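Here is a short briefing on a protein model and the molecules it holds. Look at the structure first, then read the points below.

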Amino acid sequence: MKNFQIIRALSSKSAVSSIAKENSAMFIAGGTNLVDLMKKNVVSPDKLIDINGVDLKKIEFLTGKVSIGALAKNSQVAEDQLIKESYPLLALALAAGASQQIRHMATVGGNMLQRTRCSYFYNPDMPCNKRVPKSGCGAIGGANRMHAIFGASDSCIAVHPSDMCIALAALDATVFTEGPKGKREIRFTDFHRLPGNTPEKDNTLLDKEIITSIEIPNNNFTKNIHYLKVRDRSSYAFALISVAAGLDIKDNTIQDARLAMGGVAHKPWRLTEAEEFLKGKTVSEKTFRQAADLAMKGARSYGDNDFKLTLGPNAITEALTIAASK
Amino acid sequence: MAAKKSIKKVVEEDSNNSRRDFIKKSGLFTALAFTPPSLVMASDKKWDEKIAEYLETVPLSLEVNGVKHNLNIEPRTTLLDLLREQLLLTGTKKGCDHGQCGACTVHVNGTRILSCLSLASMQQNAQVTTIEGLSKGKKLHPMQEAFIKNDGFQCGYCTPGQIMSGIACIKEGHANSRDEIREYMSGNICRCGAYHNIVDAITEVKEGGMPL
Ligand SMILES: Cc1cc2nc3c(=O)[nH]c(=O)nc-3n(C[C@H](O)[C@H](O)[C@H](O)COP(=O)(O)OP(=O)(O)OC[C@H]3O[C@@H](n4cnc5c(N)ncnc54)[C@H](O)[C@@H]3O)c2cc1C
Ligand code: SF4
Ligand code: FES
Ligand code: FES
């Protein structure tokens, strides 16, 4: 790892004004992704701005919504009693990610900005358009078992690796940011982006902007919910495919549905067409299977990940079935 | 980090040369590639060696196993390397150095974390507990006793991390069943596969209700 300077910011304003003065500075929160990437020389900033002293750790239950500070730890959110009761899908998704040690360090903002786990991205000796624009994509025609089946491009077929973000996309969260040009709010589903021909950009956060918090509106997805994560071992592994499913069921009829998938695209993949299809239908495995088939329209695989075309609809059906049975 | 260390080593071996002379002699390319920008800048501007040294390190005060330390460290030093290489507390192990094995688990301010992914420079005033800090004099910690009694290890390399994690697992309230213990201990990999006995050890300590 290259040496660097480190300074500590005590407010989001001073964090933004410090980073605005630098060419090669980055924020550091839990460090669980950034320190790893710096050790591998994937990124090598000259300066780090430690934002852990900024007061953005609170979880606040407000009228009609919850606000979660960008520096709240993943374990703090996953184990908050009120989050477990009112937004259980988020708690489940968080608990399915990484290990307890990492969840104690990792923050909500850092989780959203974690980089892909594509092994070519992680290896500076390999071509990767995301790491070095226009250097080529090692994964297309290479080892791509973990890679995308939706929304990929000829430049990049990487997936966003987060579990938390899949639940936040399903729950219609909003992201709040602060930058040199002021404050912004971004719909969660618009926060991450598809690679197109600029895969170096994972999301729509602007240069020098800091994430300050996220908000989730209250909802009825408190009982019939499930986060299904399919992976190579039963814990402490990234998702091959994950599904966040929420159903609002009355008298065996689906009033409302939420569905999002992880491990399939460059961003959390919301399945709106399948959600619409489910509304008004009676609960049955056949209906869930039809919704899953609808959700898979347009999927495309790249060789090693062909299995995702079968695993995908099975996982959606399974997640909905488990959610409905709760 | 290896590159940096090799410079230091060469400097020490050739003690007639000052560090700055060495950097000057070693050619611009090496200097730029292997030294922090502040040091290159200081060297360019012919600043005093001491300033350069100060610029590339930061002061850090922290407490490890109840002992206070006032140190100067490079910002890039991880807590794991600080513990092992500067404080010579080699009980904490380096398995993968990338967050994937849990061998480096220590407690910081009472919480289990991975010391290989923590920058020491971000631990100002932290209270760190390592495996060396568990026993009271000659009396082992109940979790250490339970690992011995239940054969919770073979080669022992993952054991310090397992023990630190196991104590935290109980304190956090995540040791209520064997399945829960397995899930909340999943961040500690054991190449020898001592998992079954590790769960036995944690279960025994939990059920014994001993103060941790
Ligand atoms: C072995 C291992 C296994 C893992 N498994 C999983 C898994 O199964 N599921 C999963 O979801 N995740 C997993 N993770 C990833 C983990 O969740 C992320 O590393 C973590 O969430 C990142 O958060 P952090 O606070 O440590 O971010 P950092 O490493 O501190 O920062 C990450 C990035 O975000 C930027 N940043 C941080 N906070 C802000 C902010 N407030 N505003 C602007 N920029 C900011 C930093 O500049 C940096 O670029 C795993 C990680 C490891 C090491
Ligand atoms: S898939 Fe994306 S991240 Fe992976 S090698 Fe190709 S360009 Fe890089
Ligand atoms: S050495 Fe830290 S997790 Fe492996
Ligand atoms: S005892 Fe050998 S790695 Fe666990």
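**Ligands and interface**

The shell around ligand 2 is made up of nine nonpolar residues, four polar residues and one charged residue. Here Ala, Val, Leu, Ile, Met, Phe, Trp, Tyr, Cys and Pro count as nonpolar, Asp, Glu, Lys and Arg as charged, and the others, Gly among them, as polar. This is a predicted model: local features need pLDDT of at least 70, side-chain atom pairs count only at pLDDT 80 or more, and totals for chains, interfaces and linings use all residues. Residues are numbered from 1 along each chain as its sequence is written, chains are lettered from A and ligands numbered from 1 in the order in which they are written, and side-chain values use heavy atoms, with hydrogens and water left out.

**Around ligand 2**

- There are 14 residues around ligand 2, each with a heavy atom within 4 Å of the ligand.
- A:Cys118, A:Cys128, A:Cys137, A:Cys156 and A:Ile157 come nearest.

**Around ligand 1**

- Ligand 1 has 35 residues around it, and A:Phe27, A:Gly31, A:Thr32, A:Thr107 and A:Asp163 come nearest.
- The site is shared between chains, because residues from chains A and B surround ligand 1.
- A polar side-chain atom of A:Thr32 is 2.7 Å from an oxygen atom of ligand 1.
- A polar backbone atom of A:Gly30 lies 2.9 Å from an oxygen atom of ligand 1.
- In the side chain of A:Lys229, an N or O atom lies 2.9 Å from an oxygen atom of ligand 1.

**Between chain A and chain B**

- On chain A, 32 residues are in contact with 36 residues of chain B (heavy atoms within 4.5 Å).
- How many salt bridges does the rule find across the interface of chain A and chain B? It finds one (a side-chain nitrogen of Lys or Arg within 4 Å of a carboxyl oxygen of Asp or Glu).
- A:Lys39 and B:Asp97 meet in a salt bridge through their side chains, at 2.8 Å from N to O.

Key: A polar contact is a pair of N or O atoms within 3.5 Å; within protein, one must be able to donate a hydrogen and the other to accept it, and residues adjacent in sequence count only if both atoms are side-chain atoms.
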